[in-house]
Amino acid sequence: MTASPVVAILPAPQLSSNNFNRFFIAPYRASSIIGLNSSKRPPAEFFGQNSFSKTREHHKISPAKVYARRAEEQRVIEEEAPQMLETFPSFEITPGLAHPLGVSEIESGINFAIFSQHASAVTLCVILPKSDGMIELALDPQKNRTVNIWHICIKELPRGDVLYGYRIDGPQSWHEGHRFDNSIVLIDPYAKLIEGRRAFGDVSNKICRFFGTYDFNTLPFDWGESYKLPNIPEKDLVIYEMNVRAFTADESSGLDPDQRGSYLGVIEKIPHLLELGVNAVELMPVFEFDELEFQRRPNPRDHMINTWGYSTINFFAPMSRYASCAGGPVSASREFKQMVKALHDAGIEVILDVVYNHTNEADDKNPYTTSFRGIDNKVYYMVDLNNNGQLLNFSGCGNTFNCNHPVVMELILESLRHWVAEYHVDGFRFDLASVLCRGTDGTPINAPPLVKAIAKDSVLSRCKIIAEPWDCGGLYLVGKFPNWDRWAEWNGKYRDDIRRFIKHFQTKHLSRLKYFLGIEVAQSSSGIVISQRKYALDILEETGMMGCRPIDSPMDPKLLPGQGEPLRDPTRYRRLVGKLNYLTVTRPGISFPVSVVSQFMDSPCDSHWDAVVRILRYIKSAPGKGLLLEDQGHVQIVGYTDADWAGSPFDRRSTSGYCVLVGGHLVSWKSKKQNVVARSSAEAEYRAMAMATSELVWVKQLFKELKFGETSKMELVCDNQAALHISSNPVFHERTKHIEIDCHFVREKILSGDNVTKFVKSNDQLADIFTKSLTGSRISYMCNKLGTYDVYAPA
């Protein structure tokens with residue numbers, strides 16, 4: 001086996017002009033090649049811990065170790081023939097700065113800084129471009145340490161394509177929570193880019209090592225002059241949860257193989273997202289993770305690939321294998337920004353599913369040490385010092401990130417700020433967020449510092465922050481997650497109910513719809529009839545009304561609160577009225593009487609029960625009555641509006657009613673008592689017009705989003721001349737200032753050309769059925785006009 005190029009670190013003399021050491025890098029002859037995980041170390045004096053002469057001559061080089069980039073999980077030591085590195089540049093090295101953490105470009109060079117409170121020795125490992133040799137620089141605790149931060153600066157180091165990591169040594173006291181192992185090269189927690197295998201799921205490189213890297217060569221990303229953030233209100237979000245790779249990885253995506261499963265692949269599918277009506281995507285974890293972590297050792301899951309990504313290696317770097325064409329970390333960073341920009345240009349926000357409750361480093365039984373565990377396990381993870389320093393596991397994944405430790409909290413905040421400032425993401429959904437509400441010993445705390453800091457942070461102030469408020473330790477905080485008026489919650493109970501609902505009602509045969517949620521659908525070439533016959537018969541059966549005598553009118557004489565004796569069991573009344581409310585979905589003829597009996601839910605009396613019984617007797621006359629929908633060759637939107645002025649005998653408030661027809665078919669209707677007393681019939685009618693106008697606008701917007709034909713001007717039909725004059729004549733507006741300003745919404749829509757008003761005689765006012773009690777013949781006439789149909793009636 002040919003030895004890799006190797007280099008050594010030589011101490012240079014100390015200068016009197018300043019108070020720091022300088023080192024120079026020079027070639028040397030290797031005596032052996034040692035595996036990445038070797039525990040053998042060169043003499044301490046080789047790394048500059050001896051006294052220096054005061055000359056600037058290079059010292060002679062003694063043999064030293066070099067660490068080849070071997071893809072082996074086990075610790076292997078191989079003897080190799082010595083080989084001289086022919087040429088290598090010299091770099092000047094200074095102690096550098098303690099801040100910022102991570103890699104930064106400063107005036108004197110490339111600065112490296114890492115936190116480790118309990119480390120006794122830190123070595124920076126660097127691999128230069130086009131070289132497999134690893135340069136190791138031991139940091140002097142006296143010169144390169146400020147409190148708990150270790151730092152060093154290398155002048156004239158390349159501004160990109162450099163790989164780096166750290167070897168860190170410290171106490172071996174397992175029972176105190178320490179897990180130091182200086183044989184492992186560790187990833188910088190603040191690395192902005194991570195280099196590893198290039199192709200997703202490449203099993204030929206499954207025992208790959210990951211290194212931090214940086215890029216100071218690329219110009220800042222151009223977001224464009226016209227670029228702007230969507231800034232969609234939280235209440236209006238329609239969120240589509242997706243995995244970046246799985247979304248387009250299959251050939252059925254129709255994308256070029258090099259783009260499948262990539263950030264650029266998402267861009268190609270933006271039209272599909274828009275067709276779905278989506279205005280926000282929640283990306284499942286896009287922080288760097290090792291998709292082949294299960295295959296590093298024999299285990300029951302060693303045939304699996306981690307597709308979802310809930311196993312974070314680093315909190316700053318975008319997943320490099322989501323780059324197109326196996327482009328690597330720099331391409332991944334650029335393409336992630338391109339994806340965000342394209343989504344924003346389409347009006348779609350980007351929310352990240354983030355995992356700050358644990359990392360990929362697993363448990364003490366089968367650890368996968370890549371970073372935090374080897375840097376300072378006692379700081380970055382919750383440990384049980386009363387149980388031999390074992391890792392606490394509230395995540396279900398073997399370890400729990402120590403989120404409310406000041407150092408870890410600042411790491412998380414800096415990570416979130418980085419994704420907002422650098423990548424312009426719009427929000428975060430925190431996986432197992434209850435972990436964020438635990439103290440450093442794992443006990444729940446009422447006012448967790450991290451949760452508060454996120455809520456109050458100025459950089460994050462524009463972002464959506466969403467908690468999944470539970471963890472695997474039983475801390476269930478749905479409805480009581482500490483939020484500081486900023487945090488939203490995912491509701492686990494609601495989610496589970498919806499899942500059970502979908503699972504129970506899943507369609508097994510994709511044939512024509514016949515029955516769903518109590519609604520029966522009869523289809524033919526003539527049209528569709530929807531009814532609730534079975535649901536209506538079930539109500540009659542439950543109430544013992546199957547044998548009752550039917551009547552032709554559902555409405556009782558006018559009712560007043562407190563008429564008769566209070567019911568002994570008001571729950572039965574409330575439950576029955578609730579069922580009748582659902583029956584109005586296909587029975588517009590009972591909307592008004594049901595709305596009336598609904599007003600007495602608080603304290604129902606026996607007279608109110610009699611009114612409900614009358615409705616049941618009306619239903620018994622035609623339990624199969626429903627709505628007929630047929631193609632009439634147009635999609636004209638027409639709204640009928642009416643009001644029963646001072647119709648309530650109890651408080652003299654009016655009742656508004658409207659119905660909306662599209663293409664001659666009833667699609668929306670409502671009967672509702674007005675909130676205030678109207679001083680004239682015109683005022684009552686005008687308020688009803690405002691309510692109907694709002695519904696017309698909503699229906700038109702819905703049809704526009706569904707791309708359901710072209711809708712012309714909408715007609716608003718009313719039987720009150722005074723109300724029509726108010727809507728079209730500004731002089732009348734001056735005489736009706738007692739009508740609230742929101743009622744003038746009607747006139748605005750008329751002036752804009754969206755609506756036109758039309759007068760209709762009271763006999764032809766279809767909305768009458770939603771505002772007052774009518775005779776049997778009148779109800780039958782109105783229902784026929786509204787398109788009701790009994791498919792079960794004898795021919």
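**A hairpin, a sheet and some helices**

Tutor: This is a predicted model. Start with E28 and E29, which form a hairpin with two residues between them. Gly663, in the turn, has a positive phi of about 65°.

Student: How many bridges join E28 to E29, and do the strands run parallel or antiparallel?

Tutor: Eight bridges join strand E28, residues 655-662, to strand E29, residues 665-673, and the two run antiparallel.

Student: What stands opposite Leu661?

Tutor: Leu666 in E29 stands opposite Leu661.

Student: New topic. What is the strand order in the open sheet of six strands?

Tutor: The order is E15-E16-E17-E20-E21-E22, and the pairing is parallel. The twist averages 25° from one strand to the next.

Student: Which strands stand at the edges?

Tutor: Strand E15 (239-242) and strand E22 (487-489) do. Each has a single partner strand, so one side of each is left without a neighbour in the sheet.

Student: Pick a pair inside it. How many bridges join E20 to E21?

Tutor: Four bridges join E20, residues 427-430, to E21, residues 464-467, and these strands run parallel. One of the residues involved is Phe428, whose bridge partner in E21 is Ile465.

Student: Which strands does helix H7 touch?

Tutor: H7, residues 449-456, packs on the sheet and touches E20, E21 and E22. The direction of H7 makes about 115° with that of E22.

Student: And where does H4 lie?

Tutor: Helix H4, residues 329-345, lies across strand E16 (280-283) and strand E17 (349-354). H4 runs at about 135° to E17.

Student: How does H4 pack with H6?

Tutor: H4 and H6, the latter residues 406-423, pack at an angle of about 70°, with their axes 10 Å apart. The two helices are therefore roughly perpendicular to each other.

Student: Which residues make that contact?

Tutor: From H4 there are Ser333, Phe336, Lys337 and Val340, and from H6 there are Trp419, Glu422 and Tyr423. By class, that is four nonpolar, one polar and two charged residues.

Student: Zooming out, how many helices and strands does the protein have?

Tutor: The protein has 17 helices and 32 strands. Of its 795 residues, 53% count as buried.

Student: What about the accessible surface?

Tutor: The accessible surface comes to about 36700 Å², and 51% of that belongs to carbon and sulfur atoms.

Student: Last one. What share of the contacts comes from residues 24 or more positions apart?

Tutor: Among contacts with a separation of 6 or more, such residues account for 73%.

Terms used. Residues are numbered from 1 along each chain as its sequence is written. This is a predicted model: local features need pLDDT of at least 70, side-chain atom pairs count only at pLDDT 80 or more; totals for chains, interfaces and linings use all residues. Side-chain values use heavy atoms; hydrogens and water are left out. Two strands pair if DSSP finds at least two bridges between them. Axes are lines fitted to C-alpha atoms, for helices over the stretch in contact, and angles run from 0 to 180 degrees between N-to-C directions. Contact means heavy atoms within 4.5 Å. Buried means under 20% relative accessible area, exposed over 50%, partly exposed in between (1.4 Å probe, protein chains only). Accessible areas come from the Shrake-Rupley method with a 1.4 Å probe; for residues, only the protein chains shown count as cover. Angles under 35 degrees count as roughly parallel, over 145 as roughly antiparallel, 65 to 115 as roughly perpendicular and the rest as oblique. Ala, Val, Leu, Ile, Met, Phe, Trp, Tyr, Cys and Pro count as nonpolar, Asp, Glu, Lys and Arg as charged, and the others, Gly among them, as polar.
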